[in-house]
Amino acid sequence: MSSKSSRKIGLTFSVKLSVLYALFFVISSGGLFVVAYYLIDNLIEQREREIIRDRIHEYRAWYEEGGLRALKARFDEQSGTARDVLFVRIVGPLNQVLFVSIPKGSKGFDYGKLGAIPRTEKDLWLSIKGQAEKSAWTIGVAPLPGGLKLQVGKSTTQSQELLSFFRTVFLTFSVPILLLGIIGGGLLTFRAIKPVRNLIQTVRDILKTGQMSLRVPVRRERGEMYELVGLFNQMLDKNDLLIQAMHNSLDNVAHDLRTPMTRLRGVAEFALQDAQDPNACREALADCMEESERVLTMLNALMDVAEAETGAMRLDMMEVSVPEVINSIADLYEVVAEDKGITVNRDLPHELLINADRTRFQQVIANLLDNALKYSGQGREIEISACEEGVYAFISVSDQGMGIPPNEINKIWDRLYRGDHSRSERGLGLGLSFVRAIVHAHGGTVSVESDLNKGSRFSIRMPKTM
(Lines give C-alpha, C1' and ligand atoms only; values in the text may rest on other atoms or scores of the structure.)
Protein backbone atom coordinates (compact mmCIF):
# COMPACT_ATOMS: atom_id res chain seq x y z
CA MET A 1 0.00 0.00 0.00
CA SER A 2 1.42 3.39 -0.92
CA SER A 3 2.15 6.19 1.55
CA LYS A 4 -0.55 8.33 -0.07
CA SER A 5 -3.14 5.61 0.45
CA SER A 6 -2.10 5.27 4.09
CA ARG A 7 -2.59 8.99 4.64
CA LYS A 8 -6.04 8.83 3.04
CA ILE A 9 -7.04 5.95 5.28
CA GLY A 10 -5.73 7.74 8.38
CA LEU A 11 -7.50 10.98 7.45
CA THR A 12 -10.75 9.15 6.79
CA PHE A 13 -10.51 7.41 10.15
CA SER A 14 -9.86 10.73 11.91
CA VAL A 15 -12.77 12.43 10.16
CA LYS A 16 -15.09 9.53 10.90
CA LEU A 17 -14.10 9.55 14.56
CA SER A 18 -14.61 13.34 14.75
CA VAL A 19 -18.03 13.10 13.08
CA LEU A 20 -19.08 10.25 15.36
CA TYR A 21 -18.01 12.26 18.41
CA ALA A 22 -19.86 15.34 17.15
CA LEU A 23 -23.00 13.30 16.48
CA PHE A 24 -22.77 11.72 19.91
CA PHE A 25 -22.29 15.15 21.49
CA VAL A 26 -25.23 16.69 19.60
CA ILE A 27 -27.52 13.69 20.17
CA SER A 28 -26.63 13.69 23.87
CA SER A 29 -27.32 17.42 24.13
CA GLY A 30 -30.61 16.98 22.26
CA GLY A 31 -31.55 14.10 24.52
CA LEU A 32 -30.81 16.17 27.62
CA PHE A 33 -32.94 19.00 26.20
CA VAL A 34 -35.85 16.63 25.50
CA VAL A 35 -35.67 15.20 29.01
CA ALA A 36 -35.39 18.65 30.58
CA TYR A 37 -38.23 19.98 28.41
CA TYR A 38 -40.45 17.04 29.34
CA LEU A 39 -39.73 17.44 33.05
CA ILE A 40 -40.38 21.20 32.98
CA ASP A 41 -43.58 20.75 30.96
CA ASN A 42 -44.77 18.05 33.32
CA LEU A 43 -43.89 20.13 36.38
CA ILE A 44 -45.74 23.18 35.02
CA GLU A 45 -48.79 21.09 34.16
CA GLN A 46 -48.86 19.54 37.63
CA ARG A 47 -48.54 22.98 39.21
CA GLU A 48 -51.42 24.36 37.12
CA ARG A 49 -53.62 21.39 38.04
CA GLU A 50 -52.80 21.75 41.74
CA ILE A 51 -53.98 25.38 41.66
CA ILE A 52 -57.19 24.41 39.85
CA ARG A 53 -57.77 21.41 42.15
CA ASP A 54 -57.47 23.61 45.26
CA ARG A 55 -60.03 26.01 43.85
CA ILE A 56 -62.38 23.17 42.93
CA HIS A 57 -62.26 21.85 46.52
CA GLU A 58 -62.84 25.35 47.87
CA TYR A 59 -65.79 26.11 45.58
CA ARG A 60 -67.33 22.68 46.18
CA ALA A 61 -67.19 23.27 49.94
CA TRP A 62 -68.94 26.61 49.50
CA TYR A 63 -71.66 24.97 47.41
CA GLU A 64 -72.21 22.21 49.95
CA GLU A 65 -72.57 24.78 52.76
CA GLY A 66 -75.34 26.88 51.22
CA GLY A 67 -75.97 25.94 47.64
CA LEU A 68 -75.56 28.05 44.54
CA ARG A 69 -76.60 31.30 46.27
CA ALA A 70 -73.97 30.88 49.00
CA LEU A 71 -71.33 30.07 46.39
CA LYS A 72 -72.16 33.25 44.45
CA ALA A 73 -72.06 35.32 47.61
CA ARG A 74 -68.76 33.89 48.77
CA PHE A 75 -67.33 34.28 45.27
CA ASP A 76 -68.35 37.96 45.18
CA GLU A 77 -66.61 38.47 48.53
CA GLN A 78 -63.37 36.91 47.16
CA SER A 79 -60.50 39.19 46.31
CA GLY A 80 -60.14 40.16 42.72
CA THR A 81 -56.88 38.27 42.20
CA ALA A 82 -58.38 34.81 41.77
CA ARG A 83 -61.28 36.19 39.74
CA ASP A 84 -58.83 37.82 37.34
CA VAL A 85 -56.96 34.55 36.85
CA LEU A 86 -59.47 31.71 37.00
CA PHE A 87 -62.39 30.94 34.77
CA VAL A 88 -65.35 29.54 36.82
CA ARG A 89 -68.63 28.22 35.51
CA ILE A 90 -71.47 26.11 36.97
CA VAL A 91 -73.62 24.19 34.48
CA GLY A 92 -76.98 22.60 35.19
CA PRO A 93 -78.20 19.12 34.19
CA LEU A 94 -79.41 20.46 30.84
CA ASN A 95 -76.12 22.28 30.18
CA GLN A 96 -77.70 25.60 31.13
CA VAL A 97 -75.20 28.06 32.58
CA LEU A 98 -76.12 28.87 36.21
CA PHE A 99 -73.02 30.84 37.12
CA VAL A 100 -70.00 32.13 35.26
CA SER A 101 -66.96 34.24 36.14
CA ILE A 102 -64.72 35.26 33.29
CA PRO A 103 -61.22 36.63 34.03
CA LYS A 104 -59.87 39.67 32.32
CA GLY A 105 -57.85 39.12 29.15
CA SER A 106 -59.61 35.91 28.19
CA LYS A 107 -60.80 37.07 24.81
CA GLY A 108 -60.83 34.43 22.15
CA PHE A 109 -61.77 31.63 24.51
CA ASP A 110 -64.33 29.34 22.83
CA TYR A 111 -66.82 28.36 25.54
CA GLY A 112 -68.65 26.17 23.10
CA LYS A 113 -65.93 23.54 23.51
CA LEU A 114 -67.14 23.03 27.10
CA GLY A 115 -70.68 22.16 26.04
CA ALA A 116 -69.81 18.69 24.81
CA ILE A 117 -68.30 17.54 28.12
CA PRO A 118 -69.99 14.26 29.14
CA ARG A 119 -71.52 13.80 32.57
CA THR A 120 -69.20 12.04 35.00
CA GLU A 121 -69.03 11.25 38.68
CA LYS A 122 -65.25 11.85 38.74
CA ASP A 123 -63.04 14.85 38.18
CA LEU A 124 -62.16 15.45 34.54
CA TRP A 125 -59.27 17.40 33.00
CA LEU A 126 -59.26 19.14 29.63
CA SER A 127 -56.73 21.15 27.65
CA ILE A 128 -58.34 23.63 25.28
CA LYS A 129 -56.57 25.91 22.84
CA GLY A 130 -57.88 29.45 22.50
CA GLN A 131 -58.53 31.29 19.28
CA ALA A 132 -55.56 33.61 19.82
CA GLU A 133 -52.04 32.44 18.99
CA LYS A 134 -50.33 30.62 21.88
CA SER A 135 -53.58 30.83 23.90
CA ALA A 136 -54.34 27.71 25.91
CA TRP A 137 -56.41 26.75 28.93
CA THR A 138 -56.42 23.91 31.41
CA ILE A 139 -59.93 23.08 32.55
CA GLY A 140 -60.90 21.00 35.58
CA VAL A 141 -64.47 19.59 35.69
CA ALA A 142 -65.94 18.29 38.96
CA PRO A 143 -69.50 17.05 39.75
CA LEU A 144 -71.70 18.90 42.27
CA PRO A 145 -74.81 17.63 44.12
CA GLY A 146 -78.01 17.87 42.10
CA GLY A 147 -76.40 16.92 38.78
CA LEU A 148 -74.50 20.19 38.44
CA LYS A 149 -71.00 20.50 36.99
CA LEU A 150 -68.30 22.82 38.26
CA GLN A 151 -65.85 23.98 35.63
CA VAL A 152 -62.68 25.80 36.74
CA GLY A 153 -60.06 26.84 34.19
CA LYS A 154 -56.73 28.62 34.20
CA SER A 155 -54.85 30.15 31.30
CA THR A 156 -51.56 28.41 30.52
CA THR A 157 -50.49 30.97 27.95
CA GLN A 158 -47.57 32.20 30.06
CA SER A 159 -46.40 28.62 30.63
CA GLN A 160 -46.57 27.91 26.90
CA GLU A 161 -44.62 31.09 26.19
CA LEU A 162 -41.98 29.95 28.70
CA LEU A 163 -41.69 26.56 26.99
CA SER A 164 -41.60 28.26 23.58
CA PHE A 165 -38.76 30.47 24.80
CA PHE A 166 -36.96 27.37 26.06
CA ARG A 167 -37.29 25.76 22.62
CA THR A 168 -36.09 28.92 20.89
CA VAL A 169 -33.02 29.10 23.13
CA PHE A 170 -32.14 25.49 22.35
CA LEU A 171 -32.55 25.95 18.59
CA THR A 172 -30.47 29.14 18.77
CA PHE A 173 -27.64 27.36 20.54
CA SER A 174 -27.88 24.14 18.50
CA VAL A 175 -25.51 25.47 15.82
CA PRO A 176 -22.81 26.51 18.35
CA ILE A 177 -23.29 23.15 20.07
CA LEU A 178 -22.77 21.36 16.76
CA LEU A 179 -19.65 23.42 16.01
CA LEU A 180 -18.37 22.79 19.53
CA GLY A 181 -18.95 19.06 19.05
CA ILE A 182 -17.07 19.04 15.73
CA ILE A 183 -14.16 21.11 17.06
CA GLY A 184 -13.98 19.18 20.32
CA GLY A 185 -14.25 15.89 18.45
CA GLY A 186 -11.48 16.91 16.10
CA LEU A 187 -9.16 17.97 18.93
CA LEU A 188 -9.84 14.85 20.98
CA THR A 189 -9.44 12.63 17.91
CA PHE A 190 -6.18 14.34 16.99
CA ARG A 191 -4.87 13.75 20.49
CA ALA A 192 -6.28 10.23 20.83
CA ILE A 193 -4.79 8.84 17.62
CA LYS A 194 -1.44 10.57 17.97
CA PRO A 195 0.17 7.26 19.12
CA VAL A 196 -1.23 5.61 15.98
CA ARG A 197 0.20 8.38 13.79
CA ASN A 198 3.58 7.95 15.49
CA LEU A 199 3.34 4.20 14.96
CA ILE A 200 2.53 4.64 11.26
CA GLN A 201 5.41 7.09 10.84
CA THR A 202 7.82 4.71 12.57
CA VAL A 203 6.74 1.79 10.36
CA ARG A 204 7.10 4.02 7.29
CA ASP A 205 10.62 5.05 8.37
CA ILE A 206 11.61 1.42 9.03
CA LEU A 207 10.36 0.38 5.58
CA LYS A 208 12.15 3.31 4.00
CA THR A 209 15.50 3.09 5.80
CA GLY A 210 15.57 -0.54 6.94
CA GLN A 211 16.73 0.53 10.41
CA MET A 212 15.19 -1.94 12.85
CA SER A 213 16.52 0.12 15.76
CA LEU A 214 13.85 2.81 15.27
CA ARG A 215 11.13 2.92 17.95
CA VAL A 216 7.80 4.68 18.40
CA PRO A 217 7.95 7.59 20.89
CA VAL A 218 6.10 6.60 24.05
CA ARG A 219 4.51 8.87 26.63
CA ARG A 220 4.01 7.58 30.13
CA GLU A 221 0.22 7.61 30.00
CA ARG A 222 -2.36 4.91 30.47
CA GLY A 223 -4.71 3.77 27.73
CA GLU A 224 -5.13 1.21 25.01
CA MET A 225 -3.33 3.31 22.39
CA TYR A 226 -0.23 3.78 24.53
CA GLU A 227 -0.33 0.10 25.49
CA LEU A 228 -0.45 -0.75 21.77
CA VAL A 229 2.59 1.44 21.13
CA GLY A 230 4.44 -0.16 24.03
CA LEU A 231 3.64 -3.66 22.78
CA PHE A 232 4.70 -2.67 19.26
CA ASN A 233 8.05 -1.45 20.58
CA GLN A 234 8.44 -4.70 22.53
CA MET A 235 7.70 -6.62 19.35
CA LEU A 236 10.35 -4.59 17.50
CA ASP A 237 12.82 -5.29 20.32
CA LYS A 238 12.09 -9.00 20.12
CA ASN A 239 12.33 -9.03 16.33
CA ASP A 240 15.62 -7.15 16.56
CA LEU A 241 16.94 -9.72 19.04
CA LEU A 242 15.71 -12.59 16.87
CA ILE A 243 17.35 -11.11 13.78
CA GLN A 244 20.57 -10.56 15.69
CA ALA A 245 20.38 -14.11 17.07
CA MET A 246 19.72 -15.40 13.57
CA HIS A 247 22.79 -13.58 12.27
CA ASN A 248 24.87 -14.96 15.12
CA SER A 249 23.46 -18.44 14.57
CA LEU A 250 24.22 -18.29 10.87
CA ASP A 251 27.75 -17.13 11.63
CA ASN A 252 28.21 -19.95 14.13
CA VAL A 253 26.69 -22.52 11.78
CA ALA A 254 28.92 -21.33 8.96
CA HIS A 255 31.93 -21.45 11.28
CA ASP A 256 31.07 -24.93 12.63
CA LEU A 257 30.23 -26.32 9.19
CA ARG A 258 33.47 -25.03 7.70
CA THR A 259 35.58 -27.52 9.67
CA PRO A 260 33.69 -30.74 8.74
CA MET A 261 33.23 -29.59 5.15
CA THR A 262 36.93 -28.79 4.88
CA ARG A 263 37.77 -32.21 6.29
CA LEU A 264 35.34 -33.83 3.87
CA ARG A 265 37.01 -32.09 0.98
CA GLY A 266 40.48 -32.89 2.24
CA VAL A 267 39.68 -36.57 2.76
CA ALA A 268 38.05 -36.80 -0.68
CA GLU A 269 41.07 -35.12 -2.35
CA PHE A 270 43.46 -37.47 -0.51
CA ALA A 271 41.43 -40.50 -1.67
CA LEU A 272 41.49 -39.24 -5.26
CA GLN A 273 45.26 -38.83 -5.15
CA ASP A 274 45.65 -42.48 -4.09
CA ALA A 275 42.68 -43.99 -5.88
CA GLN A 276 44.50 -47.31 -6.45
CA ASP A 277 44.65 -48.10 -2.71
CA PRO A 278 41.30 -49.68 -1.61
CA ASN A 279 42.15 -49.30 2.08
CA ALA A 280 42.77 -45.55 1.70
CA CYS A 281 39.46 -45.13 -0.17
CA ARG A 282 37.66 -47.11 2.50
CA GLU A 283 39.13 -44.97 5.29
CA ALA A 284 38.24 -41.82 3.32
CA LEU A 285 34.63 -42.95 2.97
CA ALA A 286 34.45 -43.77 6.69
CA ASP A 287 35.80 -40.31 7.58
CA CYS A 288 33.34 -38.69 5.16
CA MET A 289 30.46 -40.59 6.75
CA GLU A 290 31.60 -39.52 10.23
CA GLU A 291 31.78 -35.86 9.25
CA SER A 292 28.47 -35.98 7.39
CA GLU A 293 26.88 -37.59 10.44
CA ARG A 294 28.19 -34.73 12.57
CA VAL A 295 26.74 -32.15 10.17
CA LEU A 296 23.44 -34.02 10.07
CA THR A 297 23.34 -34.15 13.87
CA MET A 298 23.89 -30.40 14.05
CA LEU A 299 21.13 -29.65 11.54
CA ASN A 300 18.68 -32.02 13.24
CA ALA A 301 19.42 -30.43 16.61
CA LEU A 302 18.86 -26.96 15.18
CA MET A 303 15.53 -28.05 13.70
CA ASP A 304 14.45 -29.67 16.99
CA VAL A 305 15.30 -26.53 18.94
CA ALA A 306 13.44 -24.33 16.44
CA GLU A 307 10.36 -26.58 16.54
CA ALA A 308 10.31 -26.67 20.34
CA GLU A 309 10.73 -22.89 20.69
CA THR A 310 7.93 -22.16 18.19
CA GLY A 311 5.57 -24.77 19.68
CA ALA A 312 5.55 -26.84 16.49
CA MET A 313 7.23 -29.90 17.98
CA ARG A 314 4.95 -32.92 18.24
CA LEU A 315 5.16 -34.52 21.69
CA ASP A 316 3.99 -38.06 22.36
CA MET A 317 2.79 -37.44 25.91
CA MET A 318 2.58 -40.38 28.29
CA GLU A 319 3.16 -41.26 31.93
CA VAL A 320 6.94 -41.45 32.46
CA SER A 321 8.85 -42.72 35.52
CA VAL A 322 11.61 -40.23 36.34
CA PRO A 323 13.81 -42.71 38.32
CA GLU A 324 13.56 -45.29 35.55
CA VAL A 325 14.67 -42.85 32.84
CA ILE A 326 17.53 -41.45 34.93
CA ASN A 327 18.79 -44.94 35.80
CA SER A 328 18.70 -46.04 32.16
CA ILE A 329 20.66 -42.94 31.01
CA ALA A 330 23.18 -43.27 33.85
CA ASP A 331 23.76 -46.93 32.98
CA LEU A 332 24.28 -45.92 29.34
CA TYR A 333 27.03 -43.43 30.30
CA GLU A 334 28.60 -45.73 32.89
CA VAL A 335 31.46 -46.78 30.58
CA VAL A 336 32.30 -43.13 29.78
CA ALA A 337 32.29 -42.28 33.49
CA GLU A 338 34.60 -45.19 34.32
CA ASP A 339 37.05 -44.20 31.60
CA LYS A 340 37.35 -40.71 33.13
CA GLY A 341 37.37 -42.00 36.69
CA ILE A 342 34.15 -40.10 37.52
CA THR A 343 31.63 -41.42 40.00
CA VAL A 344 27.95 -40.85 39.19
CA ASN A 345 25.85 -40.82 42.39
CA ARG A 346 22.09 -41.14 42.29
CA ASP A 347 19.58 -39.95 44.88
CA LEU A 348 16.23 -40.98 43.48
CA PRO A 349 12.82 -41.71 45.02
CA HIS A 350 11.15 -45.07 44.65
CA GLU A 351 8.55 -43.60 42.26
CA LEU A 352 8.03 -40.20 40.66
CA LEU A 353 5.78 -39.85 37.62
CA ILE A 354 5.53 -37.02 35.10
CA ASN A 355 3.48 -36.56 31.93
CA ALA A 356 6.05 -36.18 29.14
CA ASP A 357 7.40 -37.39 25.83
CA ARG A 358 9.67 -40.23 26.95
CA THR A 359 12.15 -39.90 24.10
CA ARG A 360 12.53 -36.12 24.52
CA PHE A 361 12.84 -36.42 28.30
CA GLN A 362 15.61 -39.00 27.83
CA GLN A 363 17.40 -36.58 25.53
CA VAL A 364 17.21 -33.85 28.20
CA ILE A 365 18.74 -36.07 30.89
CA ALA A 366 21.35 -37.39 28.45
CA ASN A 367 22.43 -33.87 27.46
CA LEU A 368 22.81 -32.73 31.06
CA LEU A 369 24.74 -35.86 32.07
CA ASP A 370 26.93 -35.67 28.96
CA ASN A 371 27.82 -32.04 29.76
CA ALA A 372 28.61 -32.93 33.37
CA LEU A 373 30.93 -35.76 32.27
CA LYS A 374 32.52 -33.63 29.56
CA TYR A 375 33.49 -30.73 31.82
CA SER A 376 34.37 -32.69 35.00
CA GLY A 377 37.96 -33.63 35.68
CA GLN A 378 39.44 -37.01 36.57
CA GLY A 379 38.29 -38.46 39.88
CA ARG A 380 35.41 -36.03 40.38
CA GLU A 381 31.82 -36.86 41.32
CA ILE A 382 28.46 -36.15 39.66
CA GLU A 383 25.22 -36.09 41.66
CA ILE A 384 21.85 -36.80 40.01
CA SER A 385 18.82 -36.34 42.30
CA ALA A 386 15.06 -36.18 41.96
CA CYS A 387 12.22 -35.38 44.36
CA GLU A 388 8.73 -33.91 44.59
CA GLU A 389 8.22 -30.15 44.96
CA GLY A 390 4.51 -29.48 45.25
CA VAL A 391 2.94 -30.13 41.86
CA TYR A 392 6.35 -30.38 40.20
CA ALA A 393 9.05 -33.01 39.86
CA PHE A 394 12.43 -31.49 40.74
CA ILE A 395 15.49 -32.97 38.99
CA SER A 396 19.07 -31.74 39.41
CA VAL A 397 22.43 -32.68 37.90
CA SER A 398 25.46 -31.40 39.82
CA ASP A 399 29.12 -31.67 38.84
CA GLN A 400 32.52 -30.60 40.20
CA GLY A 401 33.80 -29.29 36.89
CA MET A 402 35.20 -25.99 35.64
CA GLY A 403 32.00 -24.04 36.27
CA ILE A 404 30.58 -21.17 34.25
CA PRO A 405 31.83 -17.55 34.41
CA PRO A 406 29.15 -15.10 35.70
CA ASN A 407 29.12 -13.14 32.43
CA GLU A 408 28.22 -16.32 30.52
CA ILE A 409 25.43 -17.66 32.76
CA ASN A 410 22.63 -16.11 30.67
CA LYS A 411 24.32 -16.89 27.33
CA ILE A 412 24.75 -20.65 27.70
CA TRP A 413 21.09 -21.20 26.69
CA ASP A 414 21.61 -19.50 23.30
CA ARG A 415 21.90 -21.64 20.21
CA LEU A 416 25.45 -22.51 19.12
CA TYR A 417 26.95 -20.52 22.00
CA ARG A 418 30.18 -21.91 23.36
CA GLY A 419 32.04 -20.17 26.17
CA ASP A 420 35.76 -19.63 26.23
CA HIS A 421 36.26 -22.42 28.79
CA SER A 422 34.24 -24.94 26.77
CA ARG A 423 35.97 -24.54 23.41
CA SER A 424 38.58 -27.07 24.41
CA GLU A 425 35.90 -29.76 24.33
CA ARG A 426 34.27 -30.99 21.16
CA GLY A 427 30.62 -29.95 20.81
CA LEU A 428 28.04 -28.05 18.81
CA GLY A 429 26.82 -25.57 21.41
CA LEU A 430 23.24 -26.81 21.02
CA GLY A 431 22.84 -29.10 24.05
CA LEU A 432 21.63 -26.57 26.61
CA SER A 433 19.43 -24.63 24.17
CA PHE A 434 17.87 -27.98 23.25
CA VAL A 435 17.34 -28.82 26.95
CA ARG A 436 15.63 -25.50 27.65
CA ALA A 437 13.42 -25.71 24.55
CA ILE A 438 12.24 -29.26 25.39
CA VAL A 439 11.59 -28.45 29.07
CA HIS A 440 9.62 -25.31 28.16
CA ALA A 441 7.63 -27.29 25.59
CA HIS A 442 6.55 -29.57 28.47
CA GLY A 443 5.48 -26.59 30.59
CA GLY A 444 8.52 -26.79 32.87
CA THR A 445 11.48 -24.59 33.81
CA VAL A 446 15.24 -25.05 33.84
CA SER A 447 17.88 -23.06 35.72
CA VAL A 448 21.58 -23.21 36.58
CA GLU A 449 23.76 -22.32 39.56
CA SER A 450 27.52 -22.26 39.08
CA ASP A 451 30.77 -21.29 40.78
CA LEU A 452 33.83 -20.89 38.61
CA ASN A 453 36.28 -23.79 39.04
CA LYS A 454 33.94 -25.42 41.60
CA GLY A 455 31.15 -26.85 39.50
CA SER A 456 27.60 -26.31 38.26
CA ARG A 457 24.14 -27.47 39.19
CA PHE A 458 21.40 -27.67 36.55
CA SER A 459 17.83 -27.87 37.91
CA ILE A 460 14.64 -28.90 36.12
CA ARG A 461 11.03 -28.56 37.28
CA MET A 462 8.40 -30.42 35.31
CA PRO A 463 4.69 -30.91 36.17
CA LYS A 464 3.91 -34.20 37.93
CA THR A 465 1.20 -36.57 36.86
CA MET A 466 -1.89 -35.66 38.89
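How many bridges join β7 to strand β9, and do they run parallel or antiparallel? The two strands run parallel and are joined by 5 bridges; R346, for instance, has I384 in β9 as its bridge partner. This is a predicted model, in which local features need pLDDT of at least 70, side-chain atom pairs count only at pLDDT 80 or more, and totals for chains, interfaces and linings use all residues. Residues are numbered from 1 along each chain as its sequence is written, and side-chain values use heavy atoms, with hydrogens and water left out.

Both strands belong to an open sheet of 5 strands with mixed pairing, ordered β7-β9-β10-β12-β11. Strands (E, at least two residues) and helices (H or I, at least four) are DSSP runs, numbered from the N terminus, and two strands pair if DSSP finds at least two bridges between them. β7 (343-347) and β11 (445-451) are the edge strands, each pairing on one side only.

The structure also holds 10 salt bridges, a salt bridge being a side-chain nitrogen of Lys or Arg within 4 Å of a carboxyl oxygen of Asp or Glu. One of them links K464 with E388, the closest N and O atoms being 3.1 Å apart. Because K464 lies in the segment after β12 and E388 in strand β9, the pair ties together parts that are 76 residues apart in sequence. K464 is buried, with a relative accessible area of 17%; buried means under 20%, exposed over 50%, and partly exposed in between (1.4 Å probe, protein chains only).
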